[in-house]
Amino acid sequence: MYRLMVADFNRLLNRKVLYVPHLIYFLVLDIIYTIVCNMKTSEELYFSADILYTDNSTYIPLFLAVFAGTFLIDDFKDGILRNKIISGAKRMEIVLSHAVVLCVYAFFMNALIHLMGLVFGGFFRNGYYSTQRTLLTYTLVHFGSSVALVLFYMCLIYLFCEFRFAAFIPLAVAIASKVVSFIITYDLYNRALSDRTFRIFNFLDGHMPSSYLVSTLRHGTAEYFPTCIAFTAGSLLITGIYFQLKDIK
Amino acid sequence: MEYAVRTKGLGKTYGKFTALSDFSMNIPKGSIYGFVGKNGAGKTTLIRLLTGLQKPTAGEFEIFGIRGDSREIRKSRMRMGAVVESPAIYMGMTALDNLKQQYITMGLPSYEGIEELLKLVGLENTGKKKARNFSLGMKQRLGIAIALCGDPDFLILDEPINGLDPQGIIEIRELILKLNREKGITILISSHILDELSRLATHYGFIDRGHLIREMSAEELEAASRKSVRMTVDDTKVLAGIMDELGIEYKILDDQKADVYSELTFSELAARFAEKKCNIIKMEEHDESLEAFYLALVGGNSACTD
């Protein structure tokens with residue numbers, strides 16, 4: 001598996017076109033946020049550096065979806081995956097190698113966002129509202145849900161790789177789940193819901209990794225981490241079994 | 001005789017569709033095995049089974065004496081290179097980087113031999129040009145170079161000349177012959193371009209609707225096939241009359257061309273044509289062995305005569 005990982009990382013490092021825009025995007029976004037939030041506002045409007053640390057994470061699923069889609073579909077489209085099997089690689093090794101590369105990408109994505117949050121957070125007049133422990137929890141939850149999501153997107157690509165627009169499926173799912181989690185969160189905390197609807201919405205809010213990547217954590221780590229682990233393990237298992245049995249064209 | 005690949009009763013079905021059935025073939029070591037069949041006859045399916053992309057639903061196969069269902073088959077596959085359908089290329093990388101990537105994937109200890117491979121396929125001067133900007137022929141040659149990484153003993157080429165221009169076809173043909181003669185690599189080529197196959201193959205396997213209908217060497221094919229003389233004359237109606245008189249089998253191709261299936265005495269023929277005031281413009285021996293043999297095997301309406 002090591003040789004496959006080296007080959008995949010080599011390919012990852014070659015994708016300058018992908019990671020340069022990330023850097024520019026977050027840099028620009030953080031500068032704008034910092035400037036806007038530090039502008040003289042009315043007395044009751046209060047901005048802390050937390051907003052920078054957490055709000056950027058909202059966009060993580062979109063970046064993960066685009067990356068997983070484009071990185072993996074190239075393997076399927078250009079016959080690379082076929083060639084790996086012909087060259088003697090085990091199918092499970094191929095899946096795991098992809099998973100590792102995607103997780104490493106998710107890690108750097110999170111590291112970049114949070115590092116920038118810390119750097120630019122220093123420019124906020126009001127400093128941080130949350131404690132260091134809370135910020136660490138944010139970081140861990142964000143990383144856990146990023147891993148869960150990127151592997152879920154990987155699973156989607158493996159399942160639908162023969163579709164013409166397979167590369168866009170993760171992005172479509174990421175946008176849809178973002179919209180759904182936004183609606184759920186809004187209804188949950190701003191509208192009077194029936195008892196049954198409340199319970200359903202509350203369950204979904206606590207068990208959808210995409211809803212963890214928001215400005216406030218609304219549930220406990222006892223809900224977040226088991227959900228992330230279940231998503232991660234489930235995605236890997238489904239991808240592995242499906243790919244093991246799949247007839248490659 | 002030693003064999004690189006043997007299959008016995010191999011079968012593959014997709015739902016209710018049978019792509020291969022009771023398929024038994026033998027590819028001798030050191031041969032260029034021409035795998036002939038129409039589009040959809042099952043050529044690529046067999047290749048997918050041999051390369052491990054798909055699993056057979058019946059029968060068995062062995063590569064270099066190791067059975068396909070054995071754990072050791074991966075070792076046999078390490079001695080094998082393949083270009084299945086389209087070459088497996090990282091489009092955003094150069095030819096050199098593509099080969100490096102394949103070396104890494106195969107776990108080869110160093111990049112030794114890459115320059116030689118690039119030279120072998122004529123891509124040594126492509127520099128920083130990305131593979132996506134290569135011509136179809138260059139991509140095909142790069143695909144073959146990738147398949148040659150790790151010095152394989154057996155090479156599978158699935159329709160290697162499809163879509164290539166005449167120059168590209170010649171380059172690939174020469175490369176295949178070179179690999180076989182100089183490196184002793186056993187090569188399986190699937191193609192429906194018979195004329196091209198007949199210039200390369202030392203052995204043939206004819207496949208139709210998932211069945212191997214005949215397997216033979218090039219010598220056996222030569223012995224089994226008919227020769228003809230292609231005649232270009234003023235009027236093939238006159239030619240038809242003369243051949244009918246002589247009781248010779250012929251086939252009219254157009255108003256001026258016909259194939260005649262017999263040993264001909266030129267002086268006698270010339271006298272008869274002069275008598276009927278018809279000119280013989282050209283006479284040439286026409287070797288249609290593979291094409292005619294294939295048509296006789298699978299019948300007409302073939303897509304396999306291009």
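Predicted model: local features only at pLDDT ≥ 70, side-chain atom pairs only at ≥ 80, totals over all residues.
**View 1. Packing of helix α4 against helix α6 in chain A.** Helix α4 of chain A spans residues 60-77, and helix α6 of chain A spans residues 91-121. Their axes lie 11 Å apart and form an angle of about 150°. Angles over 145 degrees count as roughly antiparallel, and α4(A) and α6(A) are therefore described as roughly antiparallel to each other. The crossing of the two helices is right-handed. On α4(A), the contact is made by A:Ile60, A:Phe63, A:Leu64, A:Phe67, A:Ala68 and A:Leu72. On α6(A), the contact residues are A:His98, A:Leu102, A:Tyr105, A:Ala106, A:Met109 and A:Ile113. By class, 11 residues of the contact of α4(A) with α6(A) are nonpolar and 1 is polar, with no charged residues.

**View 2. Packing of helix α7 against helix α10 in chain A.** Helix α7 covers residues 132-160 of chain A, and helix α10 covers residues 221-245 of chain A. The axes come within 9 Å and cross at roughly 20°, which makes α7(A) roughly parallel to α10(A). This crossing of α7(A) and α10(A) is left-handed. Contact residues of α7(A) include A:Val141, A:Gly144, A:Ala148, A:Leu151, A:Cys155 and A:Tyr158. Those of α10(A) include A:Tyr224, A:Cys228, A:Phe231, A:Thr232, A:Ser235 and A:Tyr242. The contact of α7(A) with α10(A) comprises 17 nonpolar and 7 polar residues and no charged ones.

**View 3. Strand β1 of chain B and its pairing with β2, β3 and β5.** Strand β1 of chain B runs over residues 3-14 and is joined by 3 bridges to strand β3 (residues 26-28) of chain B, in the antiparallel sense. Within this pairing, B:Tyr3 stands opposite B:Pro28 of β3(B). Another 5 bridges join β1(B) to strand β5 (residues 58-63) of chain B, again antiparallel. Here B:Thr7 has B:Phe61 in β5(B) as its bridge partner. With strand β2 (residues 17-23) of chain B, β1(B) pairs in the antiparallel sense over 4 bridges, and B:Thr13 stands opposite B:Thr18 in β2(B). β1(B) and β2(B) form a hairpin with 2 residues between them. In the turn, B:Gly15 has a positive phi of about 65°.

**View 4. The open sheet β13-β14-β12-β15 of chain B.** This sheet has 4 strands, and the pairing is antiparallel. β13 (250-252) and β15 (280-286) of chain B stand at the edges, each with a single partner strand, so one side of each has no neighbour in the sheet. Neighbouring strands of the sheet are turned by 20° against each other on average, direction ignored. Strand β12 (residues 228-233) of chain B is joined by 4 bridges to strand β14 (residues 257-260) of chain B.

**View 5. Domains of chain B.** The domain assignment divides chain B into domain 1 (3-223) and domain 2 (228-286). Taken over C-alpha atoms, the centres of the two domains of chain B are separated by 43 Å.

**View 6. Contact between chain A and chain B.** Chain B contributes 23 residues and chain A 19 residues. On the side of chain B that touches chain A, the elements giving two or more residues are α2 (73-78) and α3 (95-106) of chain B. α3(B) gives the most to this side, with 4 residues. By class, the side of chain B that touches chain A has 13 nonpolar, 8 polar and 2 charged residues.

How values were computed
Residues numbered from 1 in each chain as written. Chains lettered and ligands numbered in written order. Axes fitted to C-alpha atoms, helices over the stretch in contact; angles between N-to-C directions. Parallel < 35°, antiparallel > 145°, perpendicular 65-115°, else oblique. Left-handed = near helix turned anticlockwise from the far one by under 90°. Contact = placed C-beta atoms within 7 Å. Nonpolar A, V, L, I, M, F, W, Y, C, P; charged D, E, K, R; others polar. Pairing = 2+ DSSP bridges. Domains from an automatic or database assignment.
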